[in-house]
Amino acid sequence: MKNRLLATSLAALVLGLPAFAQTSTDQAAAPAATTSSTNATGKEPLAPQTHEGFWGKVNPFARKKYVQRQVQPIQDRVNELDELTASNGKQIKDVDARAQQGIQMASTKANEADQHAIDAGNKAQMAQQTATQANTRLTTVEQVVGNIDQYKASTQTEIRFRAGQSVLSENAKSALDQLATPLKDQRGYIVEVQGFSSGRGQAAIATSQKMADSVVRYLVLNHDIPVYRIYVVGMGNAPVPTADADEQGKTKRTSGGRVEISLLKNDLETLASSSTTPVSTDQAAPAK
């Protein structure tokens with residue numbers, strides 16, 4: 001009887017040692033588990049199974065429901081992690097899409113800014129060219145205005161008359177036509193008409209005036225030369241400078257009757273022609 005009790009006590013001791021050791025290990029690990037931080041799901045980590053039962057960690061007679069109860073918390077936590085991973089992936093894609101959209105918008109704005117800068121540079125260049133042209137134009141106008149009463153001889157024609165006559169010949173009319181035809185629609189010119197006649201005194205002056213008047217009458221009636229552009233004078237038999245280079249400084253008197261017509265021009269016509277000159281397309285609109 002004593003031997004049977006001793007054997008039973010030893011068997012109970014042997015079977016109780018693993019459970020005691022596991023219990024001590026679980027109690028030592030429990031404080032560490034409680035002090036650990038939460039995981040990615042925001043929940044506490046799964047607590048290990050502290051109660052092992054009679055068979056320890058492996059129960060050879062465990063049923064399916066028992067296994068499901070043991071595995072279900074782990075499966076739930078795995079499902080939560082899958083959902084969290086999917087949510088994080090979606091958020092990452094959303095952030096990436098917004099970042100790409102922001103980059104595209106920034107690139108578009110940068111291109112628009114570059115185009116505006118190019119347009120502004122072209123406009124500034126055009127403004128500079130316009131200012132330069134205006135300055136050049138102003139300088140030209142100032143010069144023209146300063147020389148508005150400075151006329152320069154352009155063309156000279158001489159008409160000969162027979163003694164005692166003031167009627168224009170065909171040759172005289174042809175010479176006047178050549179002088180007056182180019183003056184149509186022109187500006188900035190005057191015509192000087194000086195009559196000379198042989199003889200003396202008032203008679204010579206009156207004859208020279210009649211010849212000059214016949215020239216003026218032809219220019220006004222046949223070529224529409226404005227009267228205010230014609231300056232006429234009868235010089236009579238006034239001495240005139242010689243045209244001979246060897247006789248410079250000497251004068252001579254007229255033999256017979258003649259009329260000298262001088263066409264004088266200022267710079268007004270040049271200014272009018274320059275104002276109608278078109279600006280080249282290459283200068284007005286620089287290529288982009």
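## Ser 197

At 5% relative accessibility, Ser 197 counts as buried, a term that applies under 20% relative accessible area, with exposed meaning over 50% and partly exposed in between (1.4 Å probe, protein chains only). Ser 197 lies in the loop that joins strand E2 (189-196) to helix H4 (201-223); helices (H or I, at least four residues) and strands (E, at least two) are DSSP runs, numbered from the N terminus.

Beyond its neighbours within four places in sequence, Ser 197 has contacts (heavy atoms within 4.5 Å) with Ala 204, Thr 207, Ser 208, Met 211, Gly 236, Asn 237, Gly 256 and Gly 257.

## Basis and confidence

This is a predicted model, in which local features need pLDDT of at least 70 and side-chain atom pairs count only at pLDDT 80 or more, whereas totals for chains, interfaces and linings use all residues. Residues are numbered from 1 along each chain as its sequence is written, and side-chain values use heavy atoms, with hydrogens and water left out.

The average pLDDT (the predictor's confidence in each residue, from 0 to 100) is 76 for the protein, and 63% of the residues score at least 70. Over residues 17-22, pLDDT stays under 50, and the model has two contacts beyond four places in sequence for them. Residues 28-36 also stay under 50, again with two such contacts. Where pLDDT is low, the predicted coordinates should not be read in detail.

## Helix H3

Helix H3 (residues 170-180) has Ala 172, Ala 175, Leu 176, Leu 179 and Ala 180 buried. These residues are on the same side of H3 because they cover an arc of only 125° around the axis, taken from the directions from the helix axis to the C-beta atoms.

Glu 170, Asn 171 and Gln 178, on the other side of H3, are exposed. The cover over the buried residues of H3 includes strand E1 (152-161), H4 and strand E6 (257-265).
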